[in-house]
Amino acid sequence: MSAVGLTYEMCLSQCGSGTQNPTWANISQQFGAWLLPYLALISQLPFGAKHRVDNLMSAILTIGSPVLAGYSMILTILNANWISRRFDTISFPNTKDAVRILISLQQHPLRITHEGPLLSSLVVLPQNDDWWPTIADCLDYVHTWSIASVTSIAWVVVAYLLTVASSLSDVPSNINSNGQGTGSVWLWLIPIVIGWLQLSPKCDYARVKKAMENADAMASVATADHGVAAASDISDKRALSIDINAEDPSSPDEMLTPPVFNYARAISWSRSAEDVFNTFRMASNNAKTHVTVKTGPDVTWINANRRDFIEPSNREGSASEVEAYCRLPRYAVRSPWATGMFFRMFVASLLPLALQWATTGAAVLVVYFTPTVGLGCRSLGYLIYGAFATIIWAMLVMSSILSHFAFSHSDRSRNTLSSPTVRLAKVVSNLLRWGGKLLAIINALWIIAAGMLQFTSVYDNCYCNSSVLGRGAQYAYDIIVMDGLDLSQTKAAWFGALALAGTTSLGFIFYMSLLTDLVPL
């Protein structure tokens with residue numbers, strides 16, 4: 001028997017514009033095989049926010065824009081690699097612990113106090129040598145592979161491979177409600193979850209906050225009379241802090257600890273990290289030329305008896321001397337943007353975009369080459385999801401750039417609306433952030449609904465099955481009997497979709513493995 005089809009007009013006249021009645025057996029089978037494992041895997045994403053609503057929003061942002069999740073992840077590891085390489089060029093006590101601390105605080109709104117000798121005292125004074133390893137050790141906890149995470153990932157992978165194999169072995173069966181497109185469009189979740197497990201971000205708000213508070217009691221600061229006092233006795237300000245309750249952050253998302261929000265704080269974190277690096281760099285440069293902190297005609301450098309060690313007496317002085325020891329040269333201009341920030345942002349965008357469109361493109365391939373071949377309801381739904389995910393990423397990244405611009409150029413006397421340019425940047429930043437989050441909510445709901453629409457055969461009607469969107473009403477047709485129909489093109493497209501999504505996902509995982517091996521996480 002040959003394949004039988006009807007033109008779109010004849011299909012409407014004979015079958016009407018309604019949809020085929022779904023069967024519960026098919027719905028439950030398709031949902032359990034293609035979508036449910038991914039929804040369960042979402043629980044393995046890193047959260048750790050102070051409030052549950054922020055954890056929920058982080059999951060929505062990840063689903064609504066996988067590009068944003070991948071961008072935040074890769075930018076986090078690129079920033080860690082960058083600051084680690086910069087500290088490798090200097091030699092001064094506590095540099096290795098400083099790198100560990102800065103990398104661990106990427107999931108928090110890191111603040112540096114430039115007023116007075118707080119930061120320079122923390123770097124220079126030998127009384128603070130216990131502060132750095134103590135806080136580094138407190139932050140050195142691991143939230144990585146567990147039985148639950150391994151089981152969830154294995155469940156998704158095995159379910160995907162088995163269902164793909166089943167679909168390829170019997171292509172005509174439930175061809176219009178087949179969930180292979182849904183399985184492909186969600187495949188990005190596996191490398192995203194594995195990537196965060198490899199990175200092990202320190203995003204537990206309560207734990208990190210406690211570690212910082214415990215270390216604060218140990219910090220010392222130089223005084224004007226060449227003495228040393230506890231920083232807590234001088235003021236409530238600290239050289240390094242995670243100011244969760246800041247009244248005027250560069251972006252409200254910067255205060256949220258789930259790592260998907262790293263897009264919002266990566267710029268400010270890099271600027272703060274480079275400030276710490278510059279303080280260490282100036283101290284290291286002075287130490288290399290045997291310049292002591294204390295000044296005076298009778299002060300000389302005391303050589304140590306062992307290599308790469310600086311005698312504590314060389315690092316002692318008054319508040320003004322400690323500040324001068326770490327001060328940048330007068331000709332140095334402090335840019336609001338850290339060195340190489342925009343290049344790292346560009347690099348961090350490439351692979352997430354490839355992952356997004358490889359998985360989305362694979363889903364489109366599956367349904368596009370399913371008879372009737374052409375752009376239809378199902379393929380358009382996946383294209384909308386991919387496009388919205390990309391737009392959300394662009395909106396939120398631009399929002400982070402504008403918010404940092406407004407914050408860094410505003411009057412520090414709390415008058416953040418000091419100029420029309422700054423005011424405009426702040427307004428546009430807020431609009432982009434609000435719009436991006438709203439669109440993420442819509443897109444997350446849409447991709448879940450798109451799968452359910454297919455499983456419940458809502459798309460199984462004359463309009464969608466005839467690919468009217470791509471072919472036009474005049475040339476559209478619906479194949480209703482597929483016996484004898486050559487489905488080799490469909491099988492080839494399904495194999496190609498599997499290869500496209502699978503290889504890109506594996507490439508993402510491999511790239512993350514290479515990057516995480518380069519820095520002291």
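Okay, hi everyone. Some housekeeping: residues are numbered from 1 along each chain as its sequence is written, and side-chain values use heavy atoms, with hydrogens and water left out. Because the model is predicted, local features need pLDDT of at least 70 and side-chain atom pairs count only at pLDDT 80 or more, while totals for chains, interfaces and linings use all residues.

Let's start with charges. Side chains of opposite charge can pair when their charged atoms come close. Here, a salt bridge is a side-chain nitrogen of Lys or Arg within 4 Å of a carboxyl oxygen of Asp or Glu. How many salt bridges does a search of the whole structure find? It finds eleven.

Look at E274 with me. E274 pairs with R86, and their closest N and O atoms are 2.3 Å apart. E274 sits in helix α13 (residues 262–288) and R86 in helix α4 (residues 66–87), so this pair ties together parts that are 188 residues apart in sequence. When I say helix or strand, I mean a DSSP run (H or I, at least four residues, for helices; E, at least two, for strands), numbered from the N terminus.

Are these two buried or exposed? Buried means under 20% relative accessible area, exposed means over 50%, and partly exposed is in between, using a 1.4 Å probe and protein chains only. E274 is buried at 4%, and R86 is partly exposed at 23%.

E274 has another partner: its side chain also meets that of R271 in a salt bridge, 3.4 Å from N to O. Both are in helix α13, three residues apart, which is about one turn of the helix. R271 and E274 are both buried.

Next, R334 and D275 form a salt bridge, with 2.7 Å between the closest N and O atoms. R334 is in the loop between α14 (319–326) and α15 (341–368), and D275 is in helix α13, so the pair ties together parts 59 residues apart in sequence. D275 is buried at 7%, whereas R334 is partly exposed at 46%.

On a 1 Å grid over the protein atoms alone, a cavity is a set of points where a 1.4 Å probe fits but cannot get out, and lining residues have an atom within 4 Å of a point. Points are joined across faces, edges and corners, and the volume is the space filled by probe spheres set on them. There are five cavities of 30 Å³ or more.

On the surface, W357, L380, L383, I384, Y463 and L469 form a nonpolar patch with about 450 Å² of accessible area together. Patch members have over 30% relative accessible area and no salt bridge, and nonpolar side chains are joined within 5 Å. Helix α16 (residues 377–409) gives the most, with three residues. L383 is in that helix, partly exposed at 33%.

Last one: S149, in helix α8 (residues 147–169), is buried at 1%. S149 and I194 are 45 residues apart in sequence and 8.9 Å apart in space, C-alpha to C-alpha. Thanks!

How values were computed. 1 Å grid on protein atoms, 1.4 Å probe; cavity = no way out; pocket = protein on both sides within 12 Å on 5 of 7 lines; lining within 4 Å. Patch = residues over 30% accessible without salt bridge, like charges linked within 9 Å, V, L, I, M, F, W, Y side chains within 5 Å. Areas by Shrake-Rupley, 256 points an atom, 1.4 Å probe, with all protein chains shown as cover.
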